[in-house]
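Biologist: I have this chain on my screen. Can you walk me through how its parts sit together?

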Amino acid sequence: MTIQDQMQAIEISEPGGPEVLKPISVPTPSPAPGEVLIAVAAAGVNGPDISQRQGAYPPPADSSPLPGLEVSGVVAALGEGETRFALGDEVVALCNGGGYAAYVAVPAGQVLPKPENWSHVEAATLPETFFTLQQTLVERAGLASGQTVLIHGGSGGIGASAIQLCRLFGATAIATTSSAQKASYAQSMGAAHTIDYTSEDFIERTKTLTEGRGADIVIDIIGGAYANRNLKACAYGGHVIQLAIRGGAKAEVNLGLVLMNALTLSGSTLRPQPAATKARFAQGLKTRIWPAIQAGKIVPPRITSFPLKNAADAHRAMEAPDHYGKIVLTVGKDS
Ligand SMILES: NC(=O)c1ccc[n+]([C@@H]2O[C@H](COP(=O)([O-])OP(=O)(O)OC[C@H]3O[C@@H](n4cnc5c(N)ncnc54)[C@H](OP(=O)(O)O)[C@@H]3O)[C@@H](O)[C@H]2O)c1
């Protein structure tokens with residue numbers, strides 16, 4: 001494979017709306033020792049990319065300033081001493097940034113084989129949501145058979161992956177969504193129940209659906225006014241996982257609920273985690289989730305794709321009220 005010195009990429013020219021995403025030509029990265037250079041076939045678009053574009057989620061100092069946290073593609077070059085992969089391997093990777101590009105260099109520990117039964121476009125949807133949920137839902141909250149999990153944003157990227165993990169682990173997923181179409185998508189991903197949060201009270205419905213017990217785990221991306229309500233929706237010993245704070249960072253919560261119901265509230269962001277920690281999540285995924293993907297027990301989400309050069313349109317689509325599923329940028333001759 002001939003690698004050109006310059007490559008096509010998308011930059012965030014300044015903080016702002018989708019229009020600040022501009023196609024540019026930049027030097028092709030070289031893989032450092034322990035890294036793999038991937039020729040990108042497809043790159044997933046995620047909520048954190050929107051926050052980064054808006055200037056609300058700056059990349060860590062040692063990361064690429066270019067957006068893009070996940071890709072699927074082909075190994076094009078190996079950093080010194082890298083023996084885990086070979087040139088031409090089809091792979092997916094959790095990137096530290098720079099995925100909206102023709103090539104990206106990634107620590108090899110964050111690279112996994114592309115599932116053979118998934119296309120590159122499908123496989124590009126895997127890393128960001130599944131690494132995030134391996135860290136939070138699986139390892140930290142201890143997702144287990146028989147539990148009930150309330151998932152806010154059930155029709156989004158994180159939401160649909162969380163629903164599929166619940167199904168895989170034998171847990172019951174209750175998903176909140178804003179429309180009948182999104183509810184039916186969440187059900188198609190494996191949600192046992194859906195709650196239309198625009199017309200229904202999610203605490204009341206969760207309690208009813210669990211015969212008064214509440215949810216063992218709540219996955220929240222809203223925060224703000226949801227914080228205390230999430231605690232109320234929990235069962236005794238429940239765990240609220242805070243993944244984003246779209247509704248605000250500040251909240252008044254009743255600590256009596258935490259005390260008397262033995263609750264846990266945990267939060268984390270994936271991107272600043274050290275490479276060794278991300279590599280540990282990759283191993284967890286390889287052991288339990290990748291075989292399930294291979295066996296067809298986890299299926300691709302609904303995907304809308306755009307050529308890389310139209311990344312601004314992809315972000316517009318992601319921010320539209322009718323968006324659900326995942327959005328993917330394709331890299332190739334028309335990109
Ligand atoms: N902490 C981490 O490590 C981490 C990692 C990845 C992503 N995230 C964060 O997780 C969030 C989701 O990311 P994503 O990529 O899945 O985005 P996404 O695909 O755009 O999904 C966002 C979802 O939020 C729902 N939503 C919006 N307002 C809501 C509300 N008030 N109540 C309930 N649901 C609401 C939307 O559906 P409705 O129209 O049905 O509301 C949509 O399904 C983002 O904020 C992202 O930054 C965090």
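Modeller: Start with the spacing of the parts, and keep in mind that this is a predicted model. The centres of domain 1 and domain 2, taken over C-alpha atoms, are separated by 26 Å.

Biologist: How many residues does the contact take from domain 1 and from domain 2?
Modeller: Contact here means heavy atoms within 4.5 Å. On that basis, domain 2 contributes 18 residues and domain 1 contributes 26 residues.

Biologist: Which stretches of the chain make up domain 1 and domain 2?
Modeller: Domain 2 is 130–267. Domain 1 is written as two stretches, 6–125 + 271–330.

Biologist: What area is buried between domain 1 and domain 2?
Modeller: Interface size is often given as the accessible area lost when the parts come together. Carbon and sulfur atoms give 66% of that area here. The total buried between domain 1 and domain 2 is about 1,900 Å².

Biologist: Which residues form the salt bridge between R280 and its partner, and how far apart are the closest N and O atoms?
Modeller: Side chains of opposite charge can pair when their charged atoms come close. The count between domain 1 and domain 2 is one salt bridge. R280 pairs with E139, and their closest N and O atoms are apart by 2.4 Å.

Biologist: Which helix gives the most to the side of domain 1 that touches domain 2?
Modeller: The leading contributor supplies nine residues to that side of domain 1. It spans residues 275–294 and is helix α9.

Biologist: How do the residues on that side of domain 1 divide into nonpolar, polar and charged?
Modeller: Take the side of domain 1 that touches domain 2. Its residues divide into seven charged, six polar and 13 nonpolar.

Biologist: How many helices and strands are in the chain, and why is it called as compact as a globular protein of its length?
Modeller: The chain has 15 strands and 10 helices. The globule rule gives 20 Å for 335 residues. The chain is as compact as a globular protein of that length because its radius of gyration is close to that, at 20 Å.

Biologist: Which residue does E319 form a salt bridge with?
Modeller: The closest N and O atoms of this pair are 2.7 Å apart. The pair links distant parts of the chain, 266 residues apart, with E319 in helix α10 (residues 311–319) and its partner in helix α1 (residues 47–54). That partner is R53.

Biologist: How far apart in space are P31 and L78, C-alpha to C-alpha?
Modeller: P31 lies in the loop between β2 (21–27) and β3 (35–45). Residues it touches include A77, L78 and A105. P31 and L78 are 47 residues apart in sequence, yet their C-alpha separation in space is 6.3 Å.

Conventions
Residues are numbered from 1 along each chain as its sequence is written. This is a predicted model: local features need pLDDT of at least 70, side-chain atom pairs count only at pLDDT 80 or more; totals for chains, interfaces and linings use all residues. Side-chain values use heavy atoms; hydrogens and water are left out. Domain bounds come from an automatic or database domain assignment. Buried area is the accessible area (1.4 Å probe) that two parts lose on being put together, summed over both. A salt bridge is a side-chain nitrogen of Lys or Arg within 4 Å of a carboxyl oxygen of Asp or Glu. Helices (H or I, at least four residues) and strands (E, at least two) are DSSP runs, numbered from the N terminus. Ala, Val, Leu, Ile, Met, Phe, Trp, Tyr, Cys and Pro count as nonpolar, Asp, Glu, Lys and Arg as charged, and the others, Gly among them, as polar. The radius of gyration is taken over C-alpha atoms; the globule rule is 2.2 Å times the number of residues to the power 0.38. Lists of a residue's contacts leave out its neighbours within four places in sequence.
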